[in-house]
Amino acid sequence: MCGNNNGNPQDDTLSPDGKQVWDIVEFGQSWKVTSESSRCQDTCDGDCGRCRWDQAVTYKAETWCGKLSQHSGPFRSCHDTISPNIYVKNCIYDLCANEGHRDVLCHAFETYADDCQEEGINVSDWRTTVGCPLTCPPNSTYSTCGLAFLPSCNIPAVSSSCAAVTTCVDTCVCHEGLVLDANTCIPPSECGCVFRGLFYGLGEEFWGDLTCTQRCVCDAEQRQAVCRDSGCGTEEECRVEEGIQDCYPRSFVVCTAVGATHYETFDGKRFIFQGTCVYLLVGLCEDTQNLVGFQVLVQNGHRSDNLMLSIAMVTVKVYNKTISISREHPGKIMIDEQLINLPYHYSERKIVVYRHGQDAVVVTDFGLVVTYDWYSHVTTMVPSGFTNALCGLCGNYNGAASDDMMMRNNHVTSDPDAFGSSWKVTDVPGCGERSTVECSSTLAPSWLQQEVSGMGCEIILEVDGPFRACHSHVNGHQYFQSCIHDSCLFPDQEEGICPVIALYATACQAAGVSIGRWRTDNFCYIPCPSNSSYELCSHTCQHTCGIDSATCQGWCREGCTCQDGFMLSGDECVPMSHCGCSYHGVYYKEGETFYPTKQEMCQCLFGGTVECQNTSRPDGGHGKVISDVIQSPLQLSSTCVATGDHTYVTFDGMAFNITGTCSYILTQTCTSDNVRSFMVTIQKEAWQKGKVSGIQVLSVEVYGVTLTLKQGKRADVMVDSISHHLPTILSEGQVQVYPHGTGVLLRTDFGLIVHYDLVQHVMVTVPQTYMGRLCGLCGNYNGQGNDEFQLSSGQLAPDATAFGSAWKTTDTPCNDTCPKDECPTCTEEKVAVLQKPNYCGLLTAPEGPFGSCHRIIDPVPYSQSCIHDLCMTGGDTHVLCQSIQSYVTACQGTSVAVGTWRMSSFCSPTCPANSTYSLCTNTCANICTGNTTTCPQTCTEGCQCHQGSVFDGHRCVPKDYCECFRDGEYYKPHEMLFQDHCQHRCTCVPGQGLTCHDHTCTEDEFCEIQEGVLGCIKKSEEKLREEGSFRCKVDLGEIEG
């Protein structure tokens, strides 16, 4: 592809057979060697690689690529020797392809500077001029004209001719008396050993020959390599992989667990075990030389409020690190009890964790690979070197399935419950080993013999189905039987069969088989985040911020793939230019703040750079050290709450009470520096004796519009003065409003989230970027809880009542506190009763259904609010249920799984037709907007529409009712509306969608909004007189006035 070097550029595009090729893609194809990757492409898809004219103009300017050709710029001394024109063009192209990422611009400058210095042209200090600093390692300094060959530990490896080269390059130069070792400057006394021309660090082990028979170490005392006879294990072979010679396993084996809960051991033994404690899935049990110790633990848990069991948490313990992947935190992992984003690297890639398809993948440098889909499917792959050295639910890996159910006491059993129980590691409150649900023996045979047709488990074996190409490669009958077993255990629950079908799909793809699309919008549907779509064969790993493609292993997997131009940043798809930062192995999203030390605060800035400053942590805590970085709890956002009759909790966690019944500013932006402005207000109900003053109206002002939600109106939102059905999406996703659980969720594209239960509970969540920029009843969000009563003047209010009064929105008559002598009081006797677990005490009971949430959200403000509200209403059970539901909503909003609390005799749920109550559902995933809505990652209690139905805000309706969702607005069948100042009249016609026609109001009508609806309204007599077109009748005839 570099041409023939004959001095004639006209014949450079010749194919291997000597023919002239004019098409560049065809020319590249002709010189393609055998691909090592089936994923390579000869060209990009769609309209890629092209710059819009406005982009080209922007990037050609002297503040961007034009800096290369600027006559007075830092590269001017090189222009006569090397023309910068082609470099400018390449720079513009690369910036367009990479969304203007700063690193790409700096690389373009660096390429031209390097080529100039190769020609002996000393380019001036261009890095400082253009803002592309070179980050140097400790004990070194940046130099614009350093030696091309710096003094290093491996001096013998540098030939005398190279050492004599005096061409200067911009580089990092070690401080005097130090030499370069890899990318570190150290004293010569700390240098390692040179062995056969290659350099090795002190203490480093390596193979001394090409057949792995000599194992050597760089001895620190002798300063030379010391070798001994060695060799590979019986299940290993000596070979080179990715440039590293070592003993590699001849093969790998896999153990799997899926569904409720089906295990298959390394040696192929299948069994079902539904214990809900913590168990050893697999671990090193034989102290064998050269094998690294590890453990993989699993814990089963219930899904939703039903009996469906599946794996809820997977924990990998290796290299003194504890990696936990939990259903509670989809898209994230816990490292030593601290929540972090993916990807994660530890200690020179001893451990790498990344996302691939639906799975979190944990990879170690000794061949252990663990995957978990945050739902129910876990796999553990180990190299053949671990033969006869393992134990746990995955068996002993000795090649014989007959003794796989060997218990911890070395006795073999045939009872799965006894086998599983023997490998229990930890008790969890309420856990047990025995299966709590069984498939009826009379029902099972009929299920297992059902005909293979329709939608369900049968899809696995369908002759003409999506898996037909796989039947000859992977036996589907065992998967089919497992699927039938789970559907028998949990009839009418789709989540019982989907994991098993997905497991078969994965097995087929692992066997190299291309399968058909088997998921649909109505069957085993996977919701995807914004700017992504479901792909049957996705390569999520290759499109992830903070990871190199060399890390990505294995075949493609089904999952959500970011759209072109977007990358996966943690758990969301962002433009490539907005990828975050990797710091000490941990990935941080753009704008995220973290603390490398107790006295240092860092922030991930645009372009992947990290900026740090000396400070103390706002929470005063100590955090935990992860890969030498002190981690605060992952506070990417903060939430303020208004709940019940008079309780408020600020962003900084301070709870207070005000009994006023006015309209208040909950929170608003008080500074305009680099953040999107907004305001959230609430209007409290007028005070009535014996009743709770709920939240009558919630309003959010953002992007120049006012969105209003009213108490009890769960199907509509007012946008300015016009009523819209839910769901509503404004400006292609800038603002989204949709039903969520028992309430409504309003979400913006900059991270503001407002949840309103349409009764008495509002939660406002803001991203960390708003820290120190807010004011209102929710406080100033500065990380301090002692200055929350701050007024707009900057002074502190003397008490809560004065603070509340200062943030009233209007002068509309209202009360700052309850009427004199009528404020509700609660006797000690009443409080004692209401604190019991059958009342408000249920919220604070350590062993109750909400105990798992106490460490995340303090239940005390909710409990006190509950007691107050019950006191003033005389113990109204409906108020009790509403108070508890408010705490449940708050807990589920932070991904905490709460226990079942509603019963037929206590707070019994009611649901519309064609739906079923669920403690953990995602209403948003089943509304008319489909994939255009950014649904929460968390679930909430609510009514789940049955298959084939969607929720329209009031009830569950057939899915074809969604035909009239256009431009972010939902219209019901046969609904008529006016648009464009009544110049168009539209009707939602079933089967046709929204049809519109030109329209004009009649002479005695005018276009106006009434009660939130735009329409042609009959003119009043007064209006007609004003216009001079009033008609009346008298006995003498018709007179026009």
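Here are some notes on a few local features of this predicted model.

1. First, the ground rules. The model is predicted, so local features need pLDDT of at least 70 and side-chain atom pairs count only at pLDDT 80 or more, while totals for chains, interfaces and linings use all residues. Residues are numbered from 1 along each chain as its sequence is written, and side-chain values use heavy atoms, with hydrogens and water left out.

2. Start with helix H3, residues 85-97 (helices are DSSP runs of H or I with at least four residues, strands are E runs of at least two, numbered from the N terminus). Its 13 residues reach 19 Å from first C-alpha to last, close to the 18 Å expected (1.5 Å times one less than the number of residues). Tyr87, Val88, Cys91, Ile92, Leu95 and Cys96 are buried here (under 20% relative accessible area with a 1.4 Å probe, protein chains only; exposed is over 50%, partly exposed in between). The buried residues of H3 pack against helix H2 (53-60) and helix H4 (102-118), where contact means heavy atoms within 4.5 Å. After H3 comes Glu99, with a positive phi near 55 degrees.

3. Now a hairpin. Strand E18 (321-326) has five of its six residues buried. Two bridges tie E18 to strand E19 (333-335), running antiparallel (strands pair if DSSP finds at least two bridges between them). Ile323 sits opposite Ile335 in E19. Six residues lie between the strands, and Gly331 takes a positive phi near 85 degrees.

4. The open sheet has eight strands, in the order E41-E40-E39-E52-E51-E50-E49-E48, with antiparallel pairing. E41 (655-657) and E48 (728-730) are at the edges with a single partner strand each, so one side of each has no neighbour in the sheet. Neighbouring strands are turned by 15 degrees against each other on average, direction ignored (axes are lines fitted to C-alpha atoms, for helices over the stretch in contact; angles run from 0 to 180 degrees between N-to-C directions).

5. Within that sheet, seven bridges join E39 (637-643) to E52 (761-767), and Cys640 has Val764 in E52 as its bridge partner. Helix H14 (877-892) packs on the sheet, touching E39, E51 (753-756) and E52, at about 15 degrees to the direction of E52.

6. Last, Thr708 in strand E45 (705-710). Is Thr708 buried or exposed? At 13% relative accessibility, Thr708 counts as buried. Its side chain makes a polar contact of 3.3 Å with that of Ser699 (N or O atoms within 3.5 Å; within protein, one able to donate a hydrogen and the other to accept it, and residues adjacent in sequence counting only if both atoms are side-chain atoms).
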